[in-house]
Amino acid sequence: MKIIYFHIPNLQDYMIPTKKWLDEMSQHYDIIDVTTPPNENRMYEGLVENWNVDDLVICGQDNVGSLEMLYEYEKCGYDVCSNPCLMYEKSTGRGGIVQNMISTDDNSRFMHPKDSTLKFCNGVVGTGLSRISKRLQSKIDITGEPFHFQNFDHTLSKLFNRAGVNLFHLHYPIHTHMKK
């Protein structure tokens, strides 16, 4: 299992804990450092360069997990999994705190409450700390659909759906999202 660390060129203060956490995790895992300048396809290119090589953990610049979370990913038999995080009104434009997943049950779209402990989500899950199995990667050709940060989660979810994976397996506890 390899970890792809996506981050902007000049880390802001709230991103430093992620960098420190991944420095610690480099004792256990290969960390692939991908700098993602705004308005460029580096996030997409970094994924393409490492696609279908190993199980991939995506770690965004402002997400902090734990070694235990990564061990769970290694043992997990599902193709796509994520540790959700909390999103605040500043990010969502909605009142209250919610988890970073949108279900599409019965054609309605709703974000899950902060205390949700669902095992699966059938919509879009934030990929800030998530794993994609090599088995699923082998079923998906991502080379024809470049994407930016702004549509990363939605594009990956769409590609997973085309490959027959409609559910994200969710792991808890919630990981820490540093941007509040």
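This note sets out numbered points on salt bridges, a cavity, a helix and the cysteines of the structure above.

1. The structure is a predicted model. The points below should be read with that in mind.

2. Salt bridges as a whole. How many salt bridges does a search of the whole structure find? The search finds 6.

3. K2 and D30 form a salt bridge, in which the closest N and O atoms are 2.9 Å apart. This pair links distant parts of the chain, since K2 belongs to strand β1 (residues 2-7) and D30 to strand β2 (residues 30-35). The two residues are 28 residues apart. D30, at 47% relative accessibility, counts as partly exposed.

4. The pair K19 and D23. A second salt bridge joins the side chains of K19 and D23, with 2.9 Å from N to O. Both residues lie in helix α1 (residues 16-25). Their spacing is 4 residues, about one turn of the helix. K19 is partly exposed at 30% relative accessibility, and D23 is partly exposed at 41%.

5. R42 and E49 form a salt bridge, their closest N and O atoms being 3.1 Å apart. R42 counts as partly exposed, with a relative accessibility of 21%.

6. The cavity. The whole structure contains 1 cavity of 30 Å³ or more. About 30 Å³ of space lies in the largest cavity. Which residues line the largest cavity? The lining consists of V80, G123, S157, F160, N161, V165, N166, L167 and F168. By class, 5 of these residues are nonpolar and 4 are polar, while no charged residues take part. Helix α6 supplies the largest share of the lining, namely 3 residues.

7. Helix α6 and S157. Helix α6 covers residues 152-162, and its buried residues are F152, T155, L156, S157, L159 and F160. S157 is found in this helix and also lines the largest cavity. With a relative accessibility of 4%, S157 counts as buried. Leaving aside residues up to four places away in sequence, S157 touches G123, V124, V125 and F168. Two of these contacts, G123 and F168, are also listed in the lining of the largest cavity. Just after α6, G164 takes a positive phi of about 90°.

8. The cysteines. A disulfide is a covalent bond between the sulfur atoms of two cysteines. The structure holds 0 disulfides. The cut-off for a disulfide is a sulfur pair within 2.5 Å. C81 counts as buried at 0% relative accessibility. C59 likewise counts as buried, at 0% relative accessibility.

Definitions and conventions
Residues numbered from 1 in each chain as written. Predicted model: local features only at pLDDT ≥ 70, side-chain atom pairs only at ≥ 80, totals over all residues. Heavy atoms only, no water. Buried < 20%, exposed > 50% of the residue type's maximum accessible area, 1.4 Å probe, protein only. Salt bridge = Lys/Arg side-chain N within 4 Å of Asp/Glu carboxyl O. 1 Å grid on protein atoms, 1.4 Å probe; cavity = no way out; pocket = protein on both sides within 12 Å on 5 of 7 lines; lining within 4 Å. Points joined across faces, edges and corners; volume = space filled by probe spheres on them. Nonpolar A, V, L, I, M, F, W, Y, C, P; charged D, E, K, R; others polar. Contact = heavy atoms within 4.5 Å.
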